[in-house]
Amino acid sequence: MTTATAPIFDLLVIGGGINGAGIARDAAGRGMSVLLAEQDDLAAHTSSASTKLIHGGLRYLEYSEFRLVAEALKEREVLLANAPHIIEPLAFVLPHEAHLRPAWMIRAGLFLYDHLGGRMSLPKSFGVKLPGSRWGAGLQSRFARGFVYADARVDDARLVVLNALDAQAKGADIRVRTRVTGARRENGLWRATLQPRDRAPTDVTARALVNAAGPWVKHVQDSVSTAPVKDIVRHVKGSHIVVPRVHAEEHAYILQNADNRIVFIIPYQDHYSLIGTTDINVDAYEHPGITEDEIDYLLLLVNSYLAKPLQKSDVVWTYSGVRPLHDDGSTDPAAVTRDYVFRIDALEGGPGHDHAPVLSIFGGKITTYRKLAEAALAHLAPYFPGMKPGWTRTAPLPGGDLPNGDRSAFFAEICRSYPLLPADVLRGIARRHGTRATRILGEARTPADLGQDFGAGLTAREIDYLVAEEWARSDDDVLWRRTKCGLPMTPAQRAAVAVYCARARSEAIA
Ligand SMILES: Cc1cc2nc3c(=O)[nH]c(=O)nc-3n(C[C@H](O)[C@H](O)[C@H](O)COP(=O)(O)OP(=O)(O)OC[C@H]3O[C@@H](n4cnc5c(N)ncnc54)[C@H](O)[C@@H]3O)c2cc1C
């Protein structure tokens with residue numbers, strides 16, 4: 001293997017979504033020299049547009065995806081332990097609708113869900129009466145019974161950034177706003193052209209390429225392969241709407257629809273409910289947006305459950321993402337496998353040759369990104385004799401080393417340490433950064449030490465950190481990915497953040 005200072009990288013990772021960031025972190029921690037290039041911001045695409053669940057995927061049991069569900073349930077435990085600041089348990093209530101799925105079928109599914117992943121720290125499922133109980137909060141009284149089971153939710157965009165931060169700490173070179181515009185094999189190595197957004201293109205050399213380009217996977221695969229490529233990627237769009245909180249309890253709902261799909265209502269960012277998702281085959285995947293039909297579909301479904309119907313005017317935010325799935329021939333977009341698929345293409349030749357492999361990644365889930373990274377490196381191991389073993393299973397992500405994994409105790413400790421700072425600022429910073437909160441707060445003692453207050457718990461001090469340490473370049477990076485502070489802000493508050501980010505960025509360049 002090469003050293004970090006050598007001009008030849010072991011891996012060039014194309015794409016800074018969860019899969020690219022996860023692979024970069026794992027590989028860097030094994031001592032490989034890694035360059036990750038992301039054409040936009042980290043998590044700018046699918047990895048910030050998910051339903052934000054770390055889950056086994058109860059509904060995938062109906063499609064016999066037992067391997068995927070078992071792996072995802074095990075990963076739920078691993079991730080809860082390694083990133084308790086951004087991942088937390090969440091109870092789900094499934095209101096019973098006898099004409100859609102009989103109770104015995106749901107019980108059988110939940111029994112599997114409770115046991116497929118082996119020993120679990122989360123509680124097992126149970127049945128409940130809904131009317132008059134907290135488990136039925138916000139629902140129509142016609143729902144008599146339901147089932148409660150446990151899963152977890154994540155700040156998806158921050159999960160990506162934390163993986164990139166750890167990759168960088170272990171020597172990886174992370175370049176945002178840098179597109180890989182082409183790559184060709186030369187003397188058994190890859191020669192790739194990188195086009196930064198604000199500078200002249202440069203060429204880099206790497207022993208292997210990882211094509212983690214998400215929705216662009218096929219585009220990249222076609223552009224670097226010498227042989228014809230048979231794989232087909234299915235672009236399936238999913239959209240979400242955000243509305244003011246529909247009930248005051250802490251649990252989420254999983255709602256069944258007559259079309260066999262399910263939709264979640266999830267408590268979101270304290271004051272909101274997140275509702276989604278849809279599943280729609282699309283051809284154009286670069287700039288997905290929600291359609292009126294999708295909003296109608298989601299509202300119609302949730303209103304058949306909610307006591308107080310939602311109106312279109314209740315929708316305060318929407319987002320859409322595109323799943324880059326490996327086409328398995330299913331006619332129903334909801335049925336296409338969510339499992340990941342790898343394709344590797346390498347030059348022929350015996351040991352001692354440089355094979356210039358390229359590994360392309362299709363599909364996957366946020367939940368299984370760490371296992372996907374391990375599996376990706378296992379595919380590349382034959383080309384890197386002496387590759388070190390995996391190490392990420394027991395390694396906390398940056399800021400995730402909370403004492404006993406206890407968020408509440410950690411927050412109480414932060415409040416004790418900074419008694420004069422506003423609680424909403426401390427809470428936001430503790431949630432987003434875990435034990436790294438003290439790096440941001442440092443010697444700050446009074447609100448004035450935090451600099452300009454933009455509202456929603458965001459201050460200049462945190463923005464400075466996001467620009468200096470987390471590759472934030474624009475107000476969107478700060479408001480919608482590194483934080484979600486954009487959601488409760490007024491347009492004037494967002495505009496003030498934009499002005500500040502532009503100034504902080506230009507000072508960082510100068
Ligand atoms: C609606 C929806 C809901 C979902 N919900 C969940 C969920 O609740 N739980 C779960 O576990 N999973 C969920 N998923 C799945 C999960 O979000 C995806 O599997 C995952 O985010 C894919 O990550 P990725 O890294 O492959 O793709 P992306 O996040 O899209 O990253 C690929 C990156 O590659 C970059 N790129 C492309 N071409 C180039 C190039 N030439 N040079 C440089 N960079 C390039 C892109 O800019 C992009 O940022 C959901 C997906 C969707 C769409």
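**Before selecting anything**

This is a predicted model, in which local features need a pLDDT of at least 70 and side-chain atom pairs count only at pLDDT 80 or more, while totals for chains, interfaces and linings use all residues. Residues are numbered from 1 along each chain as its sequence is written, and side-chain values use heavy atoms, with hydrogens and water left out.

Colour by pLDDT, the predictor's confidence in each residue, from 0 to 100: the protein averages 94, and 98% of the residues score at least 70. Residues 1–6 have a pLDDT below 50, and beyond near neighbours in sequence this stretch has 16 contacts in the model, a contact being heavy atoms within 4.5 Å.

**The ligand**

Select the ligand and the 37 residues around it, of which E38, S47, L53, G364 and T367 come nearest; a residue is counted here if one of its heavy atoms lies within 4 Å of the molecule. Now show the polar contacts, which are pairs of N or O atoms within 3.5 Å; within protein, one must be able to donate a hydrogen and the other to accept it, and residues adjacent in sequence count only if both atoms are side-chain atoms. A polar side-chain atom of N19 lies 2.9 Å from a ligand oxygen, whereas polar backbone atoms are involved at I18, 3.3 Å from a ligand oxygen, and at K52, 3.4 Å from a ligand oxygen. The protein covers 97% of the 1000 Å² of accessible area that the ligand has on its own, as given by the Shrake-Rupley method with a 1.4 Å probe; for residues, only the protein chains shown count as cover.

**The nonpolar cores**

A nonpolar core is a set of buried Ala, Val, Leu, Ile, Met, Phe, Trp, Tyr and Cys residues joined through side-chain atoms within 4.5 Å, where buried means under 20% relative accessible area, exposed over 50% and partly exposed in between (1.4 Å probe, protein chains only). The largest has 113 residues, and L11 and I87 have the most contacts inside it. Helix α4 (residues 156–169) gives the most to this core, with 8 residues; helices (H or I, at least four residues) and strands (E, at least two) are DSSP runs numbered from the N terminus. A second, separate core of 25 residues includes L130, I265, L299 and V315.

**Helices α11 and α12**

In α11 (residues 460–469), select the buried A460, E462, I463, Y465, L466 and V467, then W471, just after the helix, which takes a positive phi of about 60°. Next select α12 (residues 475–482), which is largely enclosed by the rest of the structure because 6 of its 8 residues are buried. Its cover includes α4, β16, α9, β20, α11 and α13. S474 caps the N-terminal end of α12, with a side-chain oxygen 3.3 Å from the backbone nitrogen of D476.

**Two single residues**

Go to E294 in helix α6 (residues 292–303), which counts as buried because its relative accessibility is 2%. Its side chain makes polar contacts with the side chains of S239, at 2.8 Å, and of T278, at 2.6 Å.

Finish at P196 in strand β9 (residues 189–196), which at 6% relative accessibility also counts as buried. Leaving aside neighbours within four places in sequence, P196 is in contact with R177, T178 and P201.
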